[in-house]
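This briefing goes through one protein model topic by topic. Please keep the sequence and the structure in view while reading.

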Amino acid sequence: MHHHWDSTLRTRHPRRTLTIARDSPSRLLRCAQPARCPHCGNPINRHSTTGAHPVNLHPGELPTELVPADYRWHLASGVAYPAGDGSPWCRIAHPAVCPADTYFVDLPDSLNAIRRRLAVHTRRLIDTAGLTNLLSPPPPIPEDPGCRPQRPVVQLLYTHYLAPVPVEDIQCVAQTVRRTRCATPVLAPGTAPGRWTLMPATPRTHSARHLALPTRDIAVYDLAHLSCREQLRWRTQHCPTHAPPTAAPDLALADWEPFDPLVHHPFTATRLPANSRPHR
């Protein structure tokens, strides 16, 4: 039995382990993934949504009466929804108040006040060299068939995604027993790899209402030959150990970005990487 310095009894509280509920739509241990806006440097919270794209929300809650109905967001089980939930508080997407974004111009005075306050913080970061990315687009990556693509295009579940890093470096997003992010790659030893192939950037269509894109094929890391379970493991960005739904929670959102042939044109390659064979 242990006592404090004053002879009082030292009680031990049992340790509790946080787990993800089976019916939870998100495996994130935290409600949000904290980050900083790459354009203005202000804090943001990245939340998963019901769609393919996560959303960056302003960290603080705002009174619902100060936010127009079209700008309101609410959270349920860690998932962000673009609407109000009837409560007196709501959230707002960061681009609406980002001082570096000029798309949202017709805002009420209450939201303009938040934008001005964020602009002061951005100016302070610029003056102290704390903001290195000043709205300058990344330089185009030259095509080098002898090297591995730095941001490869991956096809899984019949959808093209842009990976954040080379395929071999895509890291699992789950939490380990040491409460750190798992360092095992998704392409773990012993798992079936994908196949490099040349395919169109978008499905070919003869509709006149679709924008005509270049017909030149691009290099794609194809995972379509894998089972549906394996493709879901890649989509959720888990290693084989953390692939089961009852495994550890996630510490980060999956880094996949839906591929846009116009926006992501600098990252596309028209030749297969070295030491790869085209799949027919």
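**Overview**

Among contacts in the protein chain between residues at least 6 apart in sequence, 60% join residues at least 24 apart. The model is predicted. Its secondary structure comes to three helices and twelve strands. Of the 280 residues of the chain, 34% count as buried. The accessible surface of the chain is about 18000 Å², with 55% of that belonging to carbon and sulfur atoms.

**Helix H2**

- Helix H2 takes in residues 109–127, 19 residues in total, and at 1.5 Å a residue it should span 27 Å; the end C-alpha atoms are 27 Å apart, so the two figures agree.
- The buried residues in H2 are Leu111, Asn112, Ile114, Arg115, Leu118, Thr122 and Leu125. Because these residues cover an arc of only 150° around the axis, they lie on the same side of H2.
- The cover over the buried residues of H2 includes strand E4 (62–63), strand E7 (89–92) and helix H1 (94–97).
- Asp109, Arg116, Arg117 and Asp127 are exposed, and they sit on the face of H2 turned away from its buried side.
- Alanine 129 follows H2 and has a positive phi, near 60°.

**The five-stranded sheet**

- Five strands make up an open sheet in the order E10-E11-E8-E9-E12, and the pairing is mixed. Strand E10 (195–199) and strand E12 (257–258) are the edge strands, each pairing on one side only.
- In general, strands of a sheet pair through backbone hydrogen bonds, either parallel or antiparallel.
- Strand E8 (residues 153–156) pairs with strand E9 (residues 159–162) in the antiparallel sense, over four bridges.
- Glutamine 155 has histidine 160 of E9 as its bridge partner, and leucine 156 stands opposite threonine 159 of E9.
- The hairpin formed by E8 and E9 has two residues between the strands; in the turn, leucine 157 has a positive phi of about 55°.
- E9 also runs antiparallel to E12, and two bridges join them. Tyrosine 161 has proline 258 of E12 as its bridge partner.

**Tryptophan 234**

- Tryptophan 234 is in helix H3, which takes in residues 228–236.
- Is the residue buried or exposed? Tryptophan 234 has 0% relative accessibility and therefore counts as buried; the cut-off for buried is under 20%.
- Leaving aside neighbours within four places in sequence, tryptophan 234 is in contact with Leu156, Val167, Ile170, Val186, Leu187, Tyr221, Leu223, Leu226 and Trp256. One of these, leucine 156, is the residue that stands opposite threonine 159 in the E8 and E9 pairing.
- From tryptophan 234 to alanine 254 the separation is 20 residues in sequence and 9.4 Å in space, C-alpha to C-alpha.

**Cysteines**

- How many disulfides does the model have? The count comes to zero disulfides, the rule being a pair of cysteine sulfur atoms within 2.5 Å.
- Cysteine 40 is in no disulfide: the nearest cysteine sulfur is that of cysteine 37, at 3.7 Å.

Definitions and conventions: Residues numbered from 1 in each chain as written. Predicted model: local features only at pLDDT ≥ 70, side-chain atom pairs only at ≥ 80, totals over all residues. Heavy atoms only, no water. Pairing = 2+ DSSP bridges. Buried < 20%, exposed > 50% of the residue type's maximum accessible area, 1.4 Å probe, protein only. Contact = heavy atoms within 4.5 Å. Expected span 1.5 Å × (residues − 1). Arc of directions from axis to C-beta. Areas by Shrake-Rupley, 256 points an atom, 1.4 Å probe, with all protein chains shown as cover.
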